[in-house]
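Welcome! Take a moment to turn the model around on your screen, and then let us walk through it together, from the whole chain down to a single residue.

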Amino acid sequence: MFDLLALTLAGQAPANQQGENLNVRWRWLGEGLLEITPRQAYRQAVVLSAGIHGNETAPIELLNQWVNTLLAGERPLAVRLLVVLGNPAAIRAGKRYLHSDMNRMFGGRYRDFNHSGETVRAQQLEQVIAAFFDGEEAERFHYDLHTAIRESRLPRFGILPFQTRPYSADMLAVLDAADLDALVIHSAPGGTFSHFSSEHAAAASCTLELGKAKPFGSNDLQQFAAINRALQAVVSGEPLPSRPGVALRLFRVEQSLIKRSEDFRLHLSDDTANFTELKQGTLLCEQPGEEYRVQHASEWILFPNPAVALGLRAGMVLTEVPRSTLY
Ligand SMILES: [Zn+2]
């Protein structure tokens with residue numbers, strides 16, 4: 001039987017590049033790319049992607065399970081669906097990336113990186129997303145699934161791209177149902193896959209960080225049960241599960257810490273967890289001519305990484321904001 005992940009891991013094209021069952025028609029669009037269209041009318045067009053970072057295995061396995069149940073006719077498909085395994089070469093190598101981080105390259109930013117398999121793939125993914133949504137009148141969504149490398153005080157969270165139009169209430173309902181701990185709102189455009197689909201395809205789009213991943217086959221997929229139920233409900237057009245936990249917390253990016261000098265110093269230990277709370281006045285980072293001290297009573301650190309290349313983001317500082325910020 002057709003298995004997108006097995007084919008991608010083997011670096012093979014399928015013998016049959018399209019097929020159908022009683023519920024769906026499917027088309028293989030290239031390495032790690034599968035379009036599945038329901039036979040019935042649909043009201044949503046959804047992109048589900050994973051493996052933009054190749055070592056983030058759990059979401060790749062989840063996504064592949066969903067595809068297999070759809071292709072086997074075991075679950076109904078209520079939306080037009082594009083499945084993307086983002087970085088096949090890195091997935092095969094079990095690495096985050098081989099040359100450069102693809103999730104900085106979207107929106108044409110791949111031109112700013114040295115030519116590599118990843119710059120080529122980022123450009124291809126932009127074209128595939130544009131083609132999938134081209135002329136599509138259904139409501140558009142993109143969920144880009146990741147797992148974090150470091151510990152996190154709030155283990156499961158979504159990151160909303162900067163956009164000037166309101167965020168989709170339908171997407172926010174899904175994120176609530178997925179039992180996320182937090183949402184982070186970007187305050188500036190960026191090179192992420194989800195920012196691209198928001199800005200260039202007008203999709204309701206979100207990056208999801210779903211916990212920590214292990215090698216293929218070693219993941220405890222139970223850890224991902226809530227996101228599993230919520231996105232399966234989306235794909236099959238079923239009612240969303242009710243949120244079991246406490247309300248999700250909302251943060252906004254206050255400041256991106258850009259590394260401008262090799263003398264950049266971040267005053268956090270290497271194992272500082274995401275969403276570690278920092279108190280006002282704390283010296284957080286410094287480089288020649290510049291320092292950053294915590295401005296508000298509390299700020300929170302996200303993705304601290306002083307080892308990034310010059311010109312890239314060495315971390316983000318967040319403030320907590322009310323839910324009304326979303327509307
Ligand atoms: Zn990732």
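Let us begin with burial: 55% of the 327 residues of this protein count as buried. Keep in mind as you read that the model is predicted.

What is the chain built from? The protein has 7 helices and 16 strands. Its radius of gyration is 20 Å, close to the 20 Å that the globule rule gives for 327 residues, so the protein is as compact as a globular protein of that length. If you draw a box along the principal axes, the C-alpha atoms fill roughly 65 × 45 × 40 Å.

Take the contacts between residues at least 6 apart in sequence: 72% of them join residues at least 24 apart.

| Share | Value |
|---|---|
| Buried residues, of the 327 residues | 55% |
| Contacts joining residues at least 24 apart, among those at least 6 apart in sequence | 72% |

Finally, zoom in on one residue. Where does Glu 74 lie? You will find Glu 74 in the loop between α2 (57–71) and β5 (80–85). Is Glu 74 buried or exposed? Glu 74 has a relative accessible area of 59%, so this residue is exposed. Along the chain, Glu 74 and Asn 23 are 51 residues apart, while 9.6 Å separates their C-alpha atoms.

Note on methods
Residues numbered from 1 in each chain as written. Predicted model: local features only at pLDDT ≥ 70, side-chain atom pairs only at ≥ 80, totals over all residues. Heavy atoms only, no water. Helix = DSSP H or I, 4+ residues; strand = E, 2+ residues; numbered from the N terminus. Buried < 20%, exposed > 50% of the residue type's maximum accessible area, 1.4 Å probe, protein only. Rg over C-alpha atoms; globule rule 2.2 N^0.38 Å. Contact = heavy atoms within 4.5 Å.
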